[in-house]
Amino acid sequence: VRSRGLGDVYKRQELSRAYWTTPGDIAAPEGESWNDAARRINAAVDRITQAHPNTDIIAVAHFGVILTQVQRALGVDAHAAMAHKIDNLSVTDIHITPQGWDIGTINHQV
């Protein structure tokens, strides 16, 4: 195991902070950028919705996954999407209509 110097720790901390404060193309340490994650998640959501047309789909997901779909439905940038709070066990209701994506509720507490 290689020990990390103080400079390495500081650099990782700065990258982690930048990932959340200026989301987009900055990759978290040893991870993917917000944009890369959103592309991957959007593709998975597209596969699921295409496999189950005209069906209600209930998905249990991490807040980051939920926020990528909020971003998609609202047509906003990553920073605006991350301004939404997603609490544990909350409900976010997203609809795919012939006109496009639409948000019902975000972070509804049942």
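Q: Ala, Val, Leu, Ile, Met, Phe, Trp, Tyr, Cys and Pro count as nonpolar, Asp, Glu, Lys and Arg as charged, and the others, Gly among them, as polar. How does the lining of the second largest pocket divide by class?
A: That lining has six nonpolar, three polar and two charged residues.

Q: What sort of model is this, and which cut-offs apply?
A: This is a predicted model, in which local features need pLDDT of at least 70 and side-chain atom pairs count only at pLDDT 80 or more, while totals for chains, interfaces and linings use all residues. Residues are numbered from 1 along each chain as its sequence is written, and side-chain values use heavy atoms, with hydrogens and water left out.

Q: Back to the second largest pocket. Which residues line it?
A: The lining consists of Tyr-19, Trp-20, Glu-32, Trp-34, Ala-37, Arg-40, Ile-41, His-62, Gly-64, Val-65 and Thr-68. Helices H1 (6-21), H2 and H3 each give two or more residues to it, and H2 gives the most, with four. Helices (H or I, at least four residues) and strands (E, at least two) are DSSP runs, numbered from the N terminus.

Q: And what counts as a pocket and its lining?
A: A pocket is an open set of points on a 1 Å grid over the protein atoms alone, where a 1.4 Å probe fits, with protein on both sides within 12 Å along at least five of seven lines; lining residues have an atom within 4 Å of a point.

Q: What lines the largest pocket?
A: H2 (34-51), H3 (63-74) and strand E1 (90-97) each supply at least two residues of its lining. E1 has the largest share, seven residues. By class, the lining of the largest pocket divides into 19 nonpolar, ten polar and three charged residues.

Q: Switching to the largest nonpolar core: what is in it?
A: Eleven residues make it up: Tyr-19, Trp-34, Ala-38, Ile-66, Leu-67, Val-70, Ala-73, Ala-78, Met-82, Ile-86 and Ile-103. H2, H3 and helix H4 (78-82) give two or more residues each, and H3 has the largest share, four. A nonpolar core is a set of buried Ala, Val, Leu, Ile, Met, Phe, Trp, Tyr and Cys residues joined through side-chain atoms within 4.5 Å.

Q: What does Ile-86 touch?
A: Leaving aside neighbours within four places in sequence, Ile-86 is in contact (heavy atoms within 4.5 Å) with Phe-63, Ile-66, Leu-67, Thr-92, Ile-106 and Asn-107.

Q: Ser-90, buried or exposed?
A: Ser-90, in strand E1, counts as buried because its relative accessibility is 16%. Buried means under 20% relative accessible area, exposed over 50%, partly exposed in between (1.4 Å probe, protein chains only).

Q: Which side chain does Ser-90 make a polar contact with?
A: Its side chain pairs with that of Asn-107 at 2.9 Å. A polar contact is a pair of N or O atoms within 3.5 Å; within protein, one must be able to donate a hydrogen and the other to accept it, and residues adjacent in sequence count only if both atoms are side-chain atoms.

Q: What about phi of Asn-54?
A: Asn-54 has a positive phi of about 55 degrees although it is not a glycine. Asn-54 sits in the loop between H2 and H3.
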